[in-house]
Amino acid sequence: MLRSLVGSEMCIRDRLCADPALKEVFQTEGYHVVDLCASPINAFVMKSSATNVFCSAFFDIDYFFGSLGSATTLDLKELEKPHPGSWLEARLQSVNGASNKPLCLTLDVPYDEDLCNLLFAKLKKDCDANISSKMCFLLVLPLWWNIAFKHCNKQLVDGQNGATATTAMEQGVSYLNKGYPVTYTWPEELAESTWAEFDAIFVKDTYSYFCTVSNKFLDGVTATEVIGFGSPSESDGFPSPKQILNEFYFP
């Protein structure tokens, strides 16, 4: 149990979290929200539910609280269509109900660059494999990387026509080039993904993020980037991540 709590503390440090209200909207629109970087003490649980499933670092202990295992090794095809009679099918049905719900997979990533590299490289691989039209991803990042997506436009939100956001983006990226930088290829590779359909940068008090350490919303702490990935294929009548995100942030 101690190891689980230590692991949970590692999972909630140094991270932004997607607004729980946004996750509620995805759930209300028919998606099933699964946090890929969570723990038993900070996984998203819808107000109308008493339980949920999530990914975490220590599956052997966290399994009893709803963990599906590590996000770095999770087979998303099996997550969408688990083997009949498997423990995964039983667990998903216990919280998901109807099996035809699309999945909204959130990456509220602890900001260890090596872990980010593993998770985002896997994300790119999964998108390239066109894993499912009933699956989307939601990323909330500090403004460390300038990911120049080829298939969606970057929206800059600062109340000053994007001027402050542009400066913040340039400053954030410059930090990674100081000292002894380690080269990662995932920002360039992820930028090529045809799944990217929403990208917005918020600075100053234009984005309130939920701090999992203090259990409060904080304003103006850092420049924040919110990214939505959705399948280019049809989504069986469910609203697209782009539509939900635009209506949520730009009503």
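Me: Among contacts in the chain between residues at least 6 apart in sequence, what percentage join residues at least 24 apart?
Reply: This is a predicted model, and in it 71% of the contacts between residues at least 6 apart in sequence join residues that are at least 24 apart.

Me: How many helices and strands are there in the chain?
Reply: The chain has 9 helices and 8 strands, and 51% of its 251 residues count as buried.

Me: And what does the accessible surface come to?
Reply: The accessible surface of the chain is about 12,200 Å², with 53% of that area belonging to carbon and sulfur atoms.

Me: Now to the inside: which residues touch the most other members of the largest nonpolar core?
Reply: That core has 38 residues, and the ones that touch the most other members are Leu79, Leu105, Leu107, Phe120, Leu123, Phe137 and Phe229. The elements giving two or more residues to this core are the helices α4 (76–80), α5 (87–96), α6 and α8 (186–191), together with the strands β2 (103–107), β3 (135–142) and β8 (224–230). The largest share, 5 residues, comes from α6.

Me: What is leucine 123 in contact with, leaving aside its neighbours within four places in sequence?
Reply: With those neighbours set aside, leucine 123 is in contact with Leu107, Phe137, Leu139, Leu190 and Phe229.

Me: How many cavities of 30 Å³ or more does the structure hold?
Reply: The structure holds 1 cavity of 30 Å³ or more, and the volume of the largest cavity is about 90 Å³.

Me: Which residues line the largest cavity?
Reply: The largest cavity is lined by Leu36, Ala71, Leu74, Leu76, Leu107, Leu119, Lys122, Leu123, Asp126 and Phe137. By class, this lining has 8 nonpolar residues, 2 charged residues and no polar ones. Helix α6, which covers residues 113–128, gives the largest share of the lining, namely 4 residues.

Me: Staying with that helix, is lysine 124 buried or exposed, and why?
Reply: Lysine 124, which has its place in helix α6, counts as buried because its relative accessibility is 14%, and buried means under 20%.

Me: What does lysine 124 touch, not counting residues up to four places away in sequence?
Reply: Lysine 124 touches Glu189, Leu190, Glu192 and Ser193 when those residues are not counted. The C-alpha atoms of lysine 124 and glutamate 192 are separated by 8.9 Å, although the two residues are 68 residues apart along the chain.

Me: Changing topic, which residues of helix α2 are buried?
Reply: In helix α2, residues 20–28, the buried residues are Leu22, Lys23, Glu24, Phe26 and Gln27. What covers these buried residues includes the strands β1 (32–35), β2 and β3, as well as the helix α9 (241–249).

Me: Last one: where is asparagine 153, and is asparagine 153 buried or exposed?
Reply: Asparagine 153 is in the loop between β3 and β4 (154–157), and because its relative accessibility is 68%, asparagine 153 counts as exposed. From C-alpha to C-alpha, asparagine 153 and phenylalanine 198 are 7.4 Å apart in space, while in sequence they are 45 residues apart.

Technical notes. Residues are numbered from 1 along each chain as its sequence is written. This is a predicted model: local features need pLDDT of at least 70, side-chain atom pairs count only at pLDDT 80 or more; totals for chains, interfaces and linings use all residues. Side-chain values use heavy atoms; hydrogens and water are left out. On a 1 Å grid over the protein atoms alone, a cavity is a set of points where a 1.4 Å probe fits but cannot get out, and a pocket is an open set with protein on both sides within 12 Å along at least five of seven lines; lining residues have an atom within 4 Å of a point. Grid points are joined across faces, edges and corners, and a volume is the space filled by probe spheres set on the points. Ala, Val, Leu, Ile, Met, Phe, Trp, Tyr, Cys and Pro count as nonpolar, Asp, Glu, Lys and Arg as charged, and the others, Gly among them, as polar. A nonpolar core is a set of buried Ala, Val, Leu, Ile, Met, Phe, Trp, Tyr and Cys residues joined through side-chain atoms within 4.5 Å. Buried means under 20% relative accessible area, exposed over 50%, partly exposed in between (1.4 Å probe, protein chains only). Contact means heavy atoms within 4.5 Å. Accessible areas come from the Shrake-Rupley method with a 1.4 Å probe; for residues, only the protein chains shown count as cover.
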